[in-house]
Amino acid sequence: MNPVSDLGALGFVLFWGLTALAAGVFLFRGYQLFRLVSLGRRSEKFGQVIKRALTALGHVIIQKCQFKNITREDRGGVGHLFIVWGFLFFVTYYFFFIVIASGFGIPDVMEHNKIYGYYTWVMDFVAPFIVIGTVWGIIRRYIVKPARLKGQQTAEALIILITVLIHPITHVGKIATQIAAGHPPAGLGILTPPLSTAVSHLYTNAATIAKWHSFWFWSHWVFVLIVLGMIAYTRYLHMIAGALNDLLRRTPPKGTPERIDLNDPSSFGVDRVDNFAWKQLLDSVACVVCGYCQEICPATFTGKKLNPRLVIRDIKTNMLKNGPFITKKQAPVLPLIGENQEGSVPMEAIWACTTCGGCMEVCPVYIEHVWEIIDMRRHLVQMQAKFPDELLNLFENTEQRSNPWGIAPADRAKWASGIETKPFEAGKTEYLFYVGCAGAFDARNRHISLAIARILDAGGISWGILGKDELCCGDSLRRLGNEYVFDRIAKDNIKMFQDRGVKKIITECPHCYHTLKNDYHQYGTDWEVIHHAEFIRGLIKEKRLKLNGNGDLGKVLFHDSCYLGRHNGIYDAPREVLARTTSHTPAEMKRRLNRSFCCGAGGGHMWMEESIGKRINHERVEEALKEDPRTICVCCPYCMTMFEDGIKDLKASEKVQVLDLAEIVARALQ
Ligand code: SF4
Ligand code: SF4
């Protein structure tokens with residue numbers, strides 16, 4: 001049976017005419033979007049094409065994007081799994097058994113074999129899964145309504161779900177009427193697909209079966225074509241753009257902005273969509289509006305103006321609106337930054353980001369929100385000098401005295417005045433202990449520096465410091481968009497390290513760790529950078545530390561620092577050290593590991609006022625206090641400050657102490 005050839009030449013004209021129309025609509029819009037995305041500047045090169053393609057394909061097939069977001073509280077992704085896996089079978093079916101078989105009038109060739117018989121069985125099982133997945137999606141979106149989907153009960157979302165639902169229904173109708181008409185899928189004898197066979201019993205009137213078959217066939221194919229036409233205009237687009245975004249995503253580390261050419265004034269950050277890299281514009285097209293990013297974002301959670309989903313939406317809206325003008329070399333009509341309307345990213349949102357990386361961690365289509373935000377900060381700082389007032393001191397102090405407080409550089413080594421330290425000298429000392437500004441100047445964090453020094457000595461490590469010659473690493477400057485000064489600091493540091501023969505660096509702070517390891521790598525460095533949590537774990541494993549347990553810490557609760565965990569994947573080392581040192585597995589907060597909640601200090605926020613909404617550190621400290629700890633363990637000087645301040649503000653200082661991992665280990669040394 002072939003409802004196409006049954007209509008004679010008209011059938012083929014209709015089939016291919018409609019197919020060409022839908023493909024034309026899809027390609028027209030696809031080309032428009034391609035042109036718009038191509039307005040972006042050229043970006044880093046993407047190598048390893050085959051590896052990338054296989055990885056992206058694997059991600060689509062196993063649906064990694066969904067598995068990473070299915071939690072006990074949010075199982076929305078389960079329905080998506082059913083739909084996608086089902087559709088992978090459907091798309092194959094369309095190609096072989098509709099386009100080739102019916103479109104070329106050769107169903108007898110394509111359908112009279114065991115493969116077709118088996119495939120119709122598979123489709124009979126797959127079709128109900130798609131129905132279940134779609135109904136699941138409708139319930140999740142319109143009845144349960146999780147917070148991340150608030151306001152997303154749109155007509156577009158409903159139409160998409162309905163079109164998904166129609167596919168399996170019309171398919172089963174098509175096969176069922178084929179069976180009822182006495183043309184069951186050949187090749188397996190009497191073993192016909194069970195669901196379609198059961199449905200075929202509804203068609204008892206022999207005179208109308210052929211008409212019904214024709215109806216199901218054409219309605220099925222027309223809906224397939226409607227979806228094809230819709231893809232590039234609706235959020236169906238994520239099927240293609242999301243996979244492309246995965247294929248073309250930058251290699252780790254995530255969220256580290258690209259270096260910019262400081263000799264080219266046109267690239268001092270982004271204030272027009274065409275200043276973004278094309279990959280950033282592809283990010284905006286790939287968004288599927290799932291809301292996972294806004295749910296994890298500490299700024300959104302505490303009532304700031306920033307919502308990472310809306311940042312991406314605004315970039316896309318701006319591109320769609322301004323793109324046609326920019327293509328014709330005309331001025332954009334909608335500003336990218338600052339206006340209070342869709343398509344403009346509010347200034348407050350740009351400054352509210354702590355660069356914690358939560359949004360990028362959960363985004364199913366691998367969007368890099370932080371890169372986009374930092375690029376807009378770069379423009380504001382470098383081209384307009386528009387930034388929160390309190391940052392002026394930070395910028396000046398760091399530029400002139402290489403530390404955020406503007407303290408005399410000669411005081412850098414004061415933290416070590418009571419202990420014996422050696423200057424780092426290649427050949428005489430193996431490791432450089434890079435203390436960092438907080439570890440050198442901040443009264444509380446100096447204790448951590450001393451604890452690390454004690455551990456290094458106890459482990460028999462050959463180490464030295466740069467003393468008063470040490471410079472700021474420039475982390476905050478870079479995250480705040482002051483690339484010009486960061487670039488100078490990075491080059492000064494790299495030159496000094498190279499001149500002194502530094503090869504191995506131990507850091508106290510995860511921000512220094514990330515900057516020296518990942519940001520400086522963009523300048524061609526290849527030294528080994530180790531955060532103290534990992535280094536101590538190594539010492540314990542090698543039995544170089546004699547630990548005698550630690551009796552007075554009470555319940556120890558661990559907090560993941562964003563720049564150690566999410567940005568660099570170091571989750572186990574501090575936990576293992578704590579377990580070995582205290583003889584107990586540390587207690588955990590509800591939001592932990594890659595779903596941890598920022599302390600509120602990253603992205604330069606250590607130096608900024610937080611006047612809108614709830615304080616992020618209060619939110620995190622309240623969460624910690626719910627676990628009733630005696631000790632909160634951190635691995636970052638910024639986290640230390642934010643937790644201690646929060647605990648003081650919430651009047652819990654008598655109940656809870658905050659210690660760095662190094663302090664806990666140092667206390668346990670025999
Ligand atoms: S990096 Fe963190 S603070 Fe910034 S937008 Fe993403 S989740 Fe929000
Ligand atoms: S940016 Fe990513 S996580 Fe956020 S709504 Fe879009 S697809 Fe979802």
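Which residues touch the most other members of the largest nonpolar core? They are F433, C633 and F643, in a core of 137 residues. Keep in mind that this is a predicted model. Here's a quick tour, starting with the overall picture and ending at the ligand.

**The whole protein**
- The protein has 670 residues, and 46% of them count as buried.
- Its secondary structure comes to 28 helices and 8 strands.
- Picture a box of roughly 100 × 60 × 50 Å along the principal axes, and you have the space that the C-alpha atoms fill.
- Take the contacts between residues at least 6 apart in sequence: 79% of these join residues at least 24 apart.

- In soluble globular proteins, nonpolar side chains tend to be buried together.
- Here, the largest nonpolar core holds 137 residues, and helix 17 (residues 369–382) gives the most to it, with 7 residues.
- Apart from that core lies another one, made of 18 residues, including F82, F87, Y119 and A180.

**Around ligand 1**
- Ligand 1 is surrounded by 15 residues, and the closest are C297, C353, C356, G358 and C359.
- Helix 17 turns up again here: along with helix 13 (298–301) and helix 16 (358–362), it gives two or more residues to the shell.
- As for the make-up of that shell, 10 residues are nonpolar, 5 are polar and none are charged.

Technical notes. Residues are numbered from 1 along each chain as its sequence is written. Chains are lettered from A and ligands numbered from 1 in the order in which they are written. This is a predicted model: local features need pLDDT of at least 70, side-chain atom pairs count only at pLDDT 80 or more; totals for chains, interfaces and linings use all residues. A nonpolar core is a set of buried Ala, Val, Leu, Ile, Met, Phe, Trp, Tyr and Cys residues joined through C-beta atoms within 7 Å. A residue is buried if 20 or more other C-beta atoms lie within 10 Å of its own, exposed if 12 or fewer, and partly exposed in between; C-beta atoms are placed from the backbone. Helices (H or I, at least four residues) and strands (E, at least two) are DSSP runs, numbered from the N terminus. A residue is near a molecule or strand if its C-beta atom, placed from the backbone, lies within 6 Å of it. Ala, Val, Leu, Ile, Met, Phe, Trp, Tyr, Cys and Pro count as nonpolar, Asp, Glu, Lys and Arg as charged, and the others, Gly among them, as polar. Two residues are in contact if their C-beta atoms, placed from the backbone, lie within 7 Å.
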